[in-house]
Amino acid sequence: MAHVNQLTEKGAMNPVTNDSAVAANRMHPMSHDHMVPTTGHHATSGHHINPLNTQINPVMNHPVVKPVSHDMVPAVAHNTHINPRTTNRIHPRRGDHHLFLTSDDNAMMKHIEDTHSPDGRDFDVKPLLHTIEDIVHRAPAAIPGHLHGGQAQAHLEALEEKVPHSGLSEILNYLAYPIHRISMELICKCANKEDPHSTTIALLHSLTTYAWDTKVAITFAAFAQQYGEFWLLVQQYPTNPLAKSVAIIKELPEIMERTDVLKPKFDAISDLINKMLDVTKCIIEFRDIRTSHHQYAITQELEMLINTAHISTAAYWTIRAAVMCAAIILNLIATGHEYMSTTSETWEISSLAHKLANILDLLRKVLNQCYQKIEEKRQHDAFEALLRLLRTPHIDNMKILSILIYSKDDQLPLFDGTHKRRVSLDVLRRKHVLLLLSDLDIAAEELFILHHMYAESKAQPSRPESNYEVVWIPVVDKRVTTWTEEKQMKFEQVQASMPWYSVAHPSMIDPAVIRYIKEIWGFNKKPQLVVLDPQGKETNNNAYHMLWIWGSLAFPFTKAREEALWREQTWNIELLADSIDQNIFTWIGEGKCICLYGGEDIEWIRAFTTATRAVANAARIPLEMLYVGKRNPKERVRKNSAIIQVENLSHVVQDQTLIWFFWERLESMWHSRTQQDIPGETDPILQEIVTILSYDGSDQGWAVFSRGLAEMTRGKGDLMVQVMRGFERWKHEVTDITEFVPSVDRQLRALHTPHHCTRLILPGTTGHIPERVVCAECSRPMEKFIMYSCCID
């Protein structure tokens with residue numbers, strides 16, 4: 001009896017049961033001359049099953065049907081009525097997967113790799129993939145409820161931008177024929193009921209000379225062509241006469257009348273196709289890693305990492321899914337309205353989708369690891385290049401600045417805080433540049449003081465010490481910090497408060513530069529000023545303390561200038577208090593005695609100021625007292641200042657920010673001084689700085705007395721009150737103003753005992769901390785502790 005092919009003849013036949021169809025396909029006994037040879041892919045058993053190649057169908061109890069070669073016709077029992085719509089249905093049979101039910105991963109991969117013999121040609125198939133994506137997403141639009149709302153429309157609009165890719169015509173010049181050939185091969189092998197594995201391997205043999213990404217793209221395009229033609233006909237036959245005639249021959253109107261029944265099947269196919277797309281994109285990404293990123297990617301470590309993705313296996317299952325989908329569509333056309341979806345077919349689609357989902361997870365995981373390795377290598381190379389560059393002499397600072405502040409797409413990289421506009425790096429050419437390093441949480445007090453100093457330096461631009469510019473570098477490591485809209489708003493807020501230049505956006509600071517800032521310049525949250533000379537050479541990795549102590553007088557902010565300033569410096573009230581209150585300079589000029597005092601205990605403040613005022617009046621000493629509060633002034637210091645003013649106890653620092661600056665500046669003196677080549681035990685300035693800082697670390701009050709810029713003394717609060725209240729015992733020593741401070745000093749020393757507890761408290765983000773700090777009271781090394789503090793007024 002002649003074989004009836006459902007693609008060429010659709011005569012009415014008597015239906016038979018599925019069992020009879022299977023029986024017909026099991027090949028009845030025939031003479032030796034008519035024996036049909038089987039394919040060479042026989043089942044093996046007893047091997048370990050790798051999760052990557054787990055079975056798609058459960059093992060069947062019935063005998064396995066061995067596939068026939070595509071050029072043979074299966075023998076059919078005589079007298080059996082054949083219905084081509086059922087007997088010759090094009091669907092993969094459950095027994096066809098027996099090969100990989102018992103094959104381990106290595107056997108499967110070797111089987112697939114044996115088909116691969118690339119000739120070295122490389123194609124960028126992304127333009128072709130964009131077209132495939134456009135087809136498979138637009139095709140099922142005729143199914144009611146398949147696409148929903150604006151999300152689908154937005155996706156299609158995005159596709160429209162991708163499809164007219166400039167490289168599509170070029171790639172089709174080479175791949176149009178292979179796509180057509182594979183499309184024909186798909187039709188032939190599905191029509192002759194070849195099992196999916198045999199068909200997939202045959203397609204891989206046909207594409208043996210192409211790379212894996214190209215094999216997948218060609219097969220996917222061949223299927224997409226058939227898939228698109230099917231749905232194009234479905235969409236157009238209601239309105240196009242030609243399409244209607246073709247559709248009638250294919251019985252499409254009758255098929256689409258069963259949309260409600262077929263929709264779950266179409267949705268399942270669509271889901272499988274989406275998985276195929278995602279896997280294909282990943283396979284292409286691996287190709288891009290080997291080509292586009294070759295300067296970073298081709299390392300043994302990365303190559304080994306890519307191998308763990310098992311790209312050949314991913315390509316196999318993607319092509320196999322295309323074969324499956326093609327078989328279902330062709331079967332639907334072949335059987336028309338009599339098409340019946342089988343449980344095994346549904347299981348095939350679902351299992352393949354699950355299989356590709358697992359493969360996709362693996363591919364994405366390995367891709368992320370690859371990109372991480374590439375980025376690490378890129379950052380390492382950029383960091384090494386930055387090290388070399390900063391050690392190399394330059395004519396001006398443009399080369400260095402352009403590396404530190406990367407301008408993307410020719411954007412202006414700086415924001416001018418004074419004129420509120422974007423500018424180029426040329427505004428910094430051959431100038432001294434102070435790079436202000438900080439995170440987004442820079443304190444408002446610091447910005448206030450910096451703003452004041454910057455404005456003061458620019459008030460007289462002709463002065464040599466005004467010949468510098470400040471650039472804010474926001475140190476935001478996006479590897480550990482996600483950039484959010486909230487952070488963007490914070491950045492813009494801080495940037496708007498700065499009158500100097502700033503980087504237009506943190507994204508212009510490369511991660512390698514962030515690493516350099518942290519590892520080489522030692523940035524650790526606390527703001528820092530790195531100084532670059534007009535040639536771009538680093539002359540000081542932190543001039544912040546110099547600026548805090550001396551302001552613009554520290555220009556050009558080099559280490560040599562810092563040493564020179566300290567050599568000229570003596571310990572006096574001007575160094576200690578600077579400009580926290582303009583009255584100080586008036587009092588110094590008038591030769592008055594000055595008392596700075598601090599603490600939080602208002603009762604001690606009342607006792608001390610009252611006793612001291614009484615002594616000054618009795619000795620006829622012109623004395624001015626100024627309350628400087630405590631580090632990090634809080635509500636209690638504000639209340640104390642208000643009480644002192646109301647009760648007229650002394651002067652107070654009017655601006656709380658200046659109280660903060662007094663203590664920050666004193667801490668900067670300590671940092672700067674400890675880096676000088678002077679032993680702490682023999683450094684009188686450092687001892688006085690440590691003493692005042694240790695007073696603030698205690699819970700008591702304290703006071704410093706000075707006569708103009710001459711002699712000074714200081715002491716703890718309880719001793720100070722005791723000395724002042726005992727004035728009757730030593731008033732004979734105070735014959736004039738020049739004897740007042742020395743007399744107070746002698747009385748304090750007389751009360752001094754060897755028993756003491758001195759605490760020097762420094763914030764944990766101060767940067768450089770010397771290993772050895774000596775006590776200002778006894779010159780012995782101080783013990784080092786870590787303290788956590790939470791103070792709420």
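## The nonpolar cores

Let's start inside the protein: the largest nonpolar core has 95 residues, and Y597, F608, F705 and F740 touch the most other members. A nonpolar core here is a set of buried Ala, Val, Leu, Ile, Met, Phe, Trp, Tyr and Cys residues joined through side-chain atoms within 4.5 Å. Buried means under 20% relative accessible area, exposed means over 50%, and partly exposed is in between (1.4 Å probe, protein chains only). Domain 2 (397–556) and domain 3 (569–751) both give residues to this core, so it lies between them; the domain bounds come from an automatic or database domain assignment. Apart from it lies another core, of 84 residues, with I171, I179, I283 and A326 among them.

This is a predicted model, so local features need pLDDT of at least 70 and side-chain atom pairs count only at pLDDT 80 or more, while totals for chains, interfaces and linings use all residues. Residues are numbered from 1 along each chain as its sequence is written, and side-chain values use heavy atoms, with hydrogens and water left out.

## The whole chain

The chain has 30 helices and 12 strands. Both are DSSP runs numbered from the N terminus: helices are H or I with at least four residues, and strands are E with at least two. Of the 793 residues in the chain, 50% are buried. Look at contacts (heavy atoms within 4.5 Å) with a separation of 6 or more, and you'll find that residues 24 or more positions apart account for 76% of them.

Strands count as paired if DSSP finds at least two bridges between them. As a rule, strands of a sheet pair through backbone hydrogen bonds, either parallel or antiparallel. Here, β8 (residues 593–598) and β11 (residues 702–707) pair in the antiparallel sense over six bridges, and G598 stands opposite W702 in β11.

H432 sits in strand β3 (residues 432–438) and counts as buried because its relative accessibility is 17%. Leaving aside neighbours within four places in sequence, H432 is in contact with N467, Y468, E469, L532, D533, P534, F555 and P556. The peptide bond from F555 to P556 is cis, with omega near 5°, and P556 is in the loop between α20 (544–550) and α21 (559–567).

## Two positive phi values

Most residues other than glycine have a negative phi, and most peptide bonds are trans. D578 is not a glycine, yet it has a positive phi of about 50°. D578 lies in the loop between α22 (573–577) and α23 (583–589), and at 21% relative accessibility it counts as partly exposed. R620 has a positive phi too, near 55°. R620 is in the loop between α24 (602–619) and β9, and is exposed, with a relative accessible area of 74%.
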